[in-house]
Structures are given as structure tokens and as C-alpha cells.
Amino acid sequence: MTEVENTTVSGWPIGKKMTVAFLLIAVLPMSLVVYFNLDQSRKEVAEIAGAELTSLSQSTAYYIEQLLLENQRNSATLAGNPLVVQFFRSTAEERRALRPQINQLLENFTANHPDYHATGLLDARGIVQATLIEALIGKDRSFRDYFQASIKGASFISDILVGRSTGKPGVFLTNPIKTTAGEILGIDLIWLKADTIWNIVDQVKVGKQGIGYLVDQDGVIIAHPKRDLLYHSLGELPAETVSTISSTLRFGTAKETEAAHIPQSLRMDRLAARVLSDRGTGTFRYFSPLDQQYHIAGYTSLKNQTWTVIVDLPEAQFVAPLNRLRTVALLSIGLVALISLAISVLLARSITRPIRHLTKVAVDIKSDRPFDPDTIARVTAGNDEIAYLGRVFSSVVQSLQQSEEKYRILVENAPDLNYRTDLEGRIAFISNSVKRLSGYSVEEAIGMKMAEEIYFDPAERNLFLAELQQNGSVRDFESQLKRKDGSTWWVSTNAHFYRDREGNIRGVEGVARDVTERRAAENALKASETMFRSIFECSPLALVHIDHAGTVTAGNENLCTILGSSKAEIIGFNTIRSLKDQQMKAAITRALAGEKSHFEGEYLSAISNRTTPIRANFAPVPASNGSVSSVIGTLEDISEQYRTQEIIIQTEKMISVGGLAAGMAHEINNPLAGILQSAEVISNRIAGDFPANRKAAEAIGIPFEKISEYMESRNIINLLTSIKESGNRAAGIVRNMLSFSRKGESQFVLCDIMDLLDSTIELAENDFDMMTKNDFKKINIVREYPKNRLEVTCERSKIQQVFLNILKNGAQAMIEERTRQGLEEGTKNPTFILRTYSANNMACIEIEDNGPGMDEQIRKRVFEPFFTTKGVGTGTGLGMSVSYFIITENHAGRMSVKSVPGKSSTFMIQLPLQRTLVTIEHNLN
């Protein structure tokens with residue numbers, strides 16, 4: 001039985017609603033007035049109590065400050081005593097003589113002030129020189145705050161501290177001891193008993209439970225009537241505060257231990273935060289975990305001390321009269337509620353009985369029972385509003401029964417599904433076609449919830465309702481529904497809200513059409529399109545589609561990457577009209593003519609104006625009539641292939657040059673050795689003062705000195721020297737050629753790169769000066785070395801040769817630029833920057849100069865054999881190529897150069913930090 005068919009109304013009947021309404025009208029205003037008055041009274045009482053607590057905390061704070069000021073004046077009096085000043089100005093021997101008088105002075109001072117634990121005198125080093133407690137004589141108190149403050153000339157009042165030696169609490173008051181000239185000789189110290197301050201706090205009483213207490217700048221209780229709460233903190237202490245307390249033993253030590261006493265938290269964190277943040281006077285309401293009730297606290301901070309006086313009172317103490325008044329008010333409200341309840345029940349019965357009778361007749365009509373107007377005659381006989389409602393009800397029912405018959409005939413014969421749902425989404429009506437479309441009978445479908453039982457995805461129901469709310473109607477809304485056998489089917493729905501006569505929305509009604517077959521066809525088409533699009537976009541090649549007019553209609557991301565353009569620039573570009581590259585245009589034109597075409601070479605982009613090596617293939621796409629409808633093209637960036645070919649060509653060239661160098665070196669080496677040897681022998685025979693030379697000259701009758709004079713006059717000696725120098729230079733070229741073309745026996749040792757660079761600098765200073773007659777020492781050397789040693793296994797001499805070649809070339813370039821531009825000293829000092837570091841298991845060396853730099857064309861050829869920018873006779877062109885082979889071939893490293901023309905050149909070398917079997921075999925091969 002449905003909810004409408006049940007004569008018992010679920011939910012609240014009208015009688016109950018009327019009863020509740022009467023009760024609310026009678027009780028609610030009275031309750032609000034009582035609550036408002038009680039709340040206002042509580043606030044006023046709280047303000048009065050807060051003002052009293054604040055006033056009491058102010059007076060207590062004043063008394064404590066006066067006590068401290070009075071004792072501070074006593075400390076100043078003691079510090080200014082002439083005997084005390086004389087005691088500290090005396091020698092050690094004189095002090096011993098004055099000590100009895102000093103002790104008597106301290107005894108008299110303490111006897112006149114019974115509130116003092118002790119008094120004492122400390123010298124300028126913080127050492128206790130005089131006190132009545134013998135155990136403290138000689139103790140160092142220079143670490144104490146009071147000593148640090150007073151030795152600088154200031155008076156000082158400490159917090160309440162627990163003495164290390166005595167274990168007694170008190171306040172330390174100190175003043176500097178000065179001469180008449182203002183010289184500070186030491187400080188005096190008065191130890192005021194904590195009981196003196198505690199007595200002031202103990203006298204604070206408010207009612208039966210109100211008390212006062214004192215906290216320091218950290219929120220630690222330093223005076224309280226309940227002594228067991230002393231040295232507890234109101235809230236959790238920060239770690240740095242705990243550390244300070246632990247190091248200074250401010251509150252003594254824990255019982256039977258040497259560990260510092262650390263205050264435990266009373267968990268009044270909100271009170272602590274308020275008091276410590278507000279250095280003034282105020283009140284605060286908080287919940288105390290000690291007695292589990294709310295308290296009012298009045299507080300005042302001392303003006304000249306970091307302490308705060310708190311006067312605390314439980315809230316229950318001053319709101320007790322209000323609680324009694326509240327009980328009386330609640331009893332009055334209860335009595336009014338009972339009277340109102342009796343009146344409302346009697347009135348509700350006279351209204352609900354005829355309504356229940358109409359409800360029963362309506363349920364009978366819903367159950368398809370015939371309607372007889374005589375069944376509600378008792379209701380319609382009167383003249384009040386309920387009787388009028390009965391007569392209207394009778395007329396409406398008879399009209400609806402007549403139109404329902406016509407509507408049922410039309411709906412039951414319709415091929416589509418007609419339905420109506422209520423506001424909760426339950427099916428209230430559905431046509432007979434539901435059996436054919438979903439498998440459910442009409443009886444089974446009635447009452448089913450659309451979102452939970454009909455829709456395959458409940459979220460689609462929410463979208464449907466959202467569109468309906470926004471537009472007032474829905475057209476062609478497609479969704480997936482569930483059949484009785486568990487399968488699904490797709491419908492297209494047109495729907496709108498249906499309303500009652502007053503315009504209120506009562507539910508949704510609509511027509512649903514089966515579109516399962518059409519939906520399946522669309523999904524198949526979308527899947528095919530998606531697959532093609534994925535292949536198109538994910539292809540490793542660049543793909544392009546060009547229509548029959550030569551316009552680009554599609555392209556993937558790889559096409560944008562190769563051409564250096566965005567899709568927005570490529571799509572819509574006409575290749576026939578706008579393409580700059582004639583070879584590419586010809587290939588596309590052939591494809592549009594129906595012929596497969598191919599293009600490979602440098603392509604100049606008309607969009608990005610960038611040249612890229614490309615391999616392209618184009619194929620025509622035929623139309624149904626046999627003509628070409630479009631062209632599909634694939635493009636491939638072959639830049640890497642071009643670079644690989646260049647590297648291979650360069651490598652083969654270097655190998656060829658190396659072989660040529662080896663052959664030339666061997667061919668030149670033998671005759672060159674004969675020339676050098678013969679030149680040396682000739683020089684020895686005509687210029688050397690040897691017995692054999694003199695004997696041969698005498699044999700032909702010519703004095704040996706005359707032969708020497710002739711040789712010098714004809715400059716033959718210098719010519720021979722030139723022959724030897726040229727021969728030695730040629731021998732050096734041969735050695736470089738042999739180093740370039742082959743690798744000799746390797747002797748690898750562990751070397752520190754920084755030491756090797758520094759020794760090479762020293763070598764360059766001597767060698768460069770003799771060669772160029774310039775001072776290498778005038779070149780600035782900037783070393784950017786790491787702190788740790790950077791060691792590699794290498795051939796020390798060969799790596800040093802590499803460094804020397806780079807330094808000599810750089811130095812010569814910087815000095816030549818300076819000479820060429822006529823720069824004065826100091827305008828641009830030649831500078832080398834030496835950097836060493838490790839990265840990726842490689843030792844990295846950078847040698848940077850501030851010379852003229854080199855352009856890109858020279859930079860690319862700098863490591864080629866026999867390439868030089870120096871003049872004829874000043875360079876062989878083998879230095880940098882030999883250096884390159886030493887690094888890359890002999891040491892399995894890397895060498896490169898970067899340059900900024902007009903500013904600098906930087907040579908970069910990388911050597912393996914750990915030489916493995918692979919690198920050793922590489923060098924030995």
C-alpha cells in the first residue's frame with residue numbers, strides 16, 4: 001500500500017502542527033524574554049565582578065612595586081656606604097684588615113632588615129668578596145643577570161629565584177659600587193625573602209573562593225596561597241624558555257636530584273596567552289582544568305617589573321543568585337506550556353475530523369473506487385471553510401474522472417514512453433509501452449525512483465534536473481537507462497515541469513524515445529575517428545593533410561616541431577601560393593596531380609623562415625570519382641643524420657691527416673738528424689777551441705785565431721746557429737706530428753689537478769718570457785679551486801703540455817690585442833681564470849682568458865691539425881690538435897672551447913676521476 005493509500009498520515013498531522021504552533025506562540029516569547037533578562041543580568045554582574053578583581057589586582061601590584069622600590073633604595077644605600085667603597089679600593093692585604101668591619105656592617109644591615117636572607121659584596125670580576133654565608137665567599141656569580149646589569153652601572157631587581165647554595169626562594173636586588181669619580185668597583189647584593197612578597201599576595205581575598213597570585217614574564221607562578229602550585233606554569237612553555245630555566249636553575253633542582261626543576265603546565269594556555277601578550281590591566285574569562293569550571297580573572301602588570309598580579313574568582317560564586325532566579329523562570333514557563341497544550345488539543349480536534357474524512361474518500365478514489373458525493377455530505381453541509389473545501393473537492397473529482405478516460409486512451413496507444421514523476425523522483429504514471437521497451441510492467445514501474453533504479457548513471461539524472469531547472473524544459477536529452485533483465489538502452493527525452501493550479505511545481509512529465517540503435521552507430525563512428533586521430537597524433541613521423549587546393553587542413557605535433565611553427569600558423573596555410581621552397585612545392589604539386597613524390601634536402605620554412613634538413617614523402621588520396629581529393633604527407637627531420645655524416649667526414653679527415661703526419665715525420669726525421677748533426681760538427685770544428693782544430697790549422701799554415709776572425713767577419717757562426725735553431729724547430733714539429741699520429745708508452749700516475757695547473761703557470765712564466773720577451777708575470781691569475789683535492793690518474797707531462805699550450809696561446813693573444821689597440825697599463829689587464837670542479841664522475845678544468853676571443857668559423861677549426869691564425873714562422877698549427885688527441889685519445893676525456901668574440905675564450909677539459917679497465921684499454925690501443 002502506498003503512502004497516499006494509507007488513511008493514517010505519515011508525517012505531522014494538522015492537529016499536531018496546531019498544537020505545536022499554540023505552544024510556540026505561548027512559550028517562545030516568554031522564553032526569549034527570560035533568556036534575555038538573565039543574560040543581561042549575568043553580563044552586568046560579570047562586569048561588576050571584573051571591575052572589582054581588576055581594582056584589587058592594581059592595588060596588589062602597587063604594593064609589590066613599592067616593596068621592591070623600598071628595598072632597591074636600601075641596596076643603593078649599602079652600595080654608597082664609604083666603608084664599602086674603601087673595602088673595594090683597598091689591596092688584598094688591606095681588605096683582610098677591613099673584613100671584620102665589613103662583616104659587622106653586613107650583620108647590622110641584615111639585623112635591621114629581617115626580610116633579607118643575606119647581603120653580599122661582589123668585585124668587578126663577579127667574585128663574592130663579603131657575605132654572612134661563608135659558603136658563598138669566593139663563588140663566581142659573573143654569569144648572573146643581576147651582575148651583568150649592575151656592573152654596567154644599572155640597578156637591578158631579579159625574578160623570584162631559588163638560590164643554588166641555600167635552596168631558598170627570594171629576589172636579588174643589586175646596585176653598582178662606585179667611587180666619587182664614577183668608577184665601578186663592584187656590586188652589592190640584597191637577597192629579599194620571597195615570603196615578603198608572598199604575604200602580600202596571600203592577603204588578597206574575594207568572597208569565599210577568590211584568590212590572588214603572581215606570575216613572571218614566562219607565565220610561571222612565583223607567588224600563590226597554595227604553595228603546592230608554586231613554580232607551575234599557566235600554559236605550555238616554549239622549548240627555548242625550558243632550555244634557559246634548565247641552564248640557570250632559576251627554580252632550583254628537582255627533589256633529591258641535581259637536575260633543574262622545570263615548571264609543569266596547568267593547561268591554562270588561553271589565560272597565559274592573554275596575560276603575557278597584554279602588558280597592562282584587564283579581565284579575562286577562562287575555563288580552569290583544576291576545578292572544571294569557568295573563572296573570571298582580573299590582572300595588572302607591574303610597571304617596573306616583568307611580573308603580573310592575577311586575582312581569580314570562580315564564576316559560579318557571583319552567578320549563584322541568577323541560577324536560583326533561572327529555576328523560578330523555568331517553572332513559570334512550564335505552567336504556561338501546560339495550559340496552552342490543553343487549549344490547542346481541543347481546537348485541533350474540531351478541525352482535523354472533517355479533513356480526515358475527506359482524506360479517506362480521496363484514497364478510495366485513488367484505488368479506482370467510484371466516487372459518490374453523498375459520502376461527504378456531513379462535511380459539505382456546513383457553511384464554514386471546511387464545508388466549502390468539501391464541495392470544491394466533489395466538483396473537481398467528477399471533472400477529473402471524465403478527462404482521465406480520454407487521456408488514458410491516447411497514452412496507451414502511443415509508441416513512445418509517456419511518464420510522470422513526483423517531486424521525489426518516483427514514477428507516478430507511465431504508459432503501457434514501458435513493458436515493450438524496458439521489460440517492466442506498469443505496476444512494477446509505478447513507485448520506482450528514477451535516479452536509483454532507472455538511470456544507469458545517477459549523475460545523468462542530476463544533469464537532466466539541472467537543465468530542467470535552468471530552462472524550464474528539456475529537449476532531446478539523451479541518457480542510458482536500465483532494463484529489467486540488467487541490459488541497458490538509450491533514450492532521447494523531451495520533458496517539462498507540471499504544476500498545480502496555483503503554479504507550484506508538482507513533478508516532471510515527459511516523453512522518451514528509444515535511440516539505442518542510432519547511438520550504437522554513432523559510437524562506432526566515434527571510435528573509428530578516435531583511433532585514426534590517436535595514430536595521427538602519436539606517429540613518430542610528422543604527418544600533414546593537404547586538401548585538393550593545396551591548403552593544410554591537419555598536422556600533428558611533430559609537424560609543428562620540425563617546421564618550428566604552431567598549429568594555428570600551419571592549419572590553413574596554402575602550400576601552392578605561399579610555399580617558398582620550390583622543391584617542396586614541386587613534390588606537393590606532383591602528389592596533387594595523382595603521383596607519389598619524394599623530397600630530401602634543406603627545407604626553408606615560409607612561416608618560421610627556418611632552414612631544416614627534411615625527408616618528405618607525399619601520396620595522393622583518391623576520391624570516389626577517381627580524382628585526387630587530398631594529399632597525405634610524412635616528414636622526417638634528418639638534422640641528426642646530417643650531423644652524424646659531418647662527424648664521420650671530420651673523423652676520416654683527422655685519421656687521414658694523422659696518417660700523413662706520421663709518414664711525413666718519419667721521412668723528415670732521418671735527413672733532419674743528419675743536418676743537425678753536421679751543423680753541430682761544423683760549428684765545433686771551426687769555432688771550438690779544441691787541440692785537433694789547432695793542429696789542423698797549423699798543418700796548413702793558418703793560425704786558428706785567424707780562421708775564427710774570418711768566420712765572425714763573414715757571419716758564418718750566426719748562420720750556423722740559425723741552421724741549428726731552424727733544425728731544432730723542425731725537430732719540434734716532427735715530435736708534435738708523431739704525438740698527433742700515435743700514442744707512445746703511457747705512464748699514468750695520480751696527480752692533483754690544482755698542483756699541476758700551478759706548476760704549469762710557473763713553467764709558462766719562464767718559457768713564455770724567453771720566447772716572446774714579454775713578462776708573463778704581469779698576467780693576472782685568478783684561481784677558482786675547490787677546498788678539497790681534485791686528483792686524477794693521468795700522464796703528468798702530457799696534461800701539463802696541454803695546459804701549457806692553452807696558456808701560451810691565450811697569453812700571446814691577450815698581449816697582441818693589447819699591443820694592437822695600444823692600451824695603457826691597467827685599462828684591461830690580461831687575466832686567466834682557472835676553474836676546477838667535479839661533475840658526473842669527471843674532473844672538470846676550465847681555462848678562461850679575457851683576450852680578443854674568436855669567431856664561430858675559427859672556433860670550429862681550432863682543433864684541426866696545421867690550422868693556425870698566427871703569422872708565417874710563428875706557429876705550426878699542431879699545438880691544439882695534439883692537445884685534443886692527448887685528452888680524448890690518451891686519456892679518454894673530452895675537450896671543447898667556447899668563445900665570445902671581443903671578450904673571452906674558455907677551454908674546457910674533462911678527465912675521468914676513476915680510470916677503469918675500459919679507459920686503460922682505450923689508451924693502450
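Student: At what angle do helix α21 and helix α22 pack, and is that roughly parallel or roughly perpendicular?

Tutor: In this predicted model, helix α21 covers residues 691-699 and helix α22 covers residues 704-713, and their axes lie 8 Å apart. The two helices pack at an angle of about 95°. Since angles of 65 to 115 degrees count as roughly perpendicular, α21 is therefore roughly perpendicular to α22.

Student: Which residues of α22 are met by α21, and how many residues of the contact are charged?

Tutor: From α21 come N693, R694 and A697, which meet F704, E705 and I707 in α22. Sorted by class, this contact of α21 with α22 has three nonpolar residues and one polar residue, while the number of charged residues is two.

Student: How far apart are the axes of helix α25 and helix α27, and in which hand do the helices cross?

Tutor: Helix α25 (residues 796-821) packs against helix α27 (residues 879-890) at an angle of about 145°, and their axes are 9 Å apart. The contact includes I799, V802 and I806 of α25 together with M880, V882 and I886 of α27. By class it has seven nonpolar, six polar and one charged residues. As for the hand, the crossing in which α25 passes α27 is left-handed.

Student: Which residue in the turn between β17 and β18 has a positive phi?

Tutor: Strand β17 (residues 542-547) pairs with strand β18 (residues 552-555) in the antiparallel sense over three bridges, and V544 stands opposite G555 in β18. The two strands form a hairpin with four residues between them. In that turn, the residue with a positive phi, of about 90°, is G550.

Note on methods
Residues are numbered from 1 along each chain as its sequence is written. This is a predicted model: local features need pLDDT of at least 70, side-chain atom pairs count only at pLDDT 80 or more; totals for chains, interfaces and linings use all residues. Side-chain values use heavy atoms; hydrogens and water are left out. Axes are lines fitted to C-alpha atoms, for helices over the stretch in contact, and angles run from 0 to 180 degrees between N-to-C directions. A crossing is left-handed if the near helix is turned anticlockwise from the far one by less than a right angle, and right-handed if clockwise. Contact means heavy atoms within 4.5 Å. Ala, Val, Leu, Ile, Met, Phe, Trp, Tyr, Cys and Pro count as nonpolar, Asp, Glu, Lys and Arg as charged, and the others, Gly among them, as polar. Two strands pair if DSSP finds at least two bridges between them. Angles under 35 degrees count as roughly parallel, over 145 as roughly antiparallel, 65 to 115 as roughly perpendicular and the rest as oblique.
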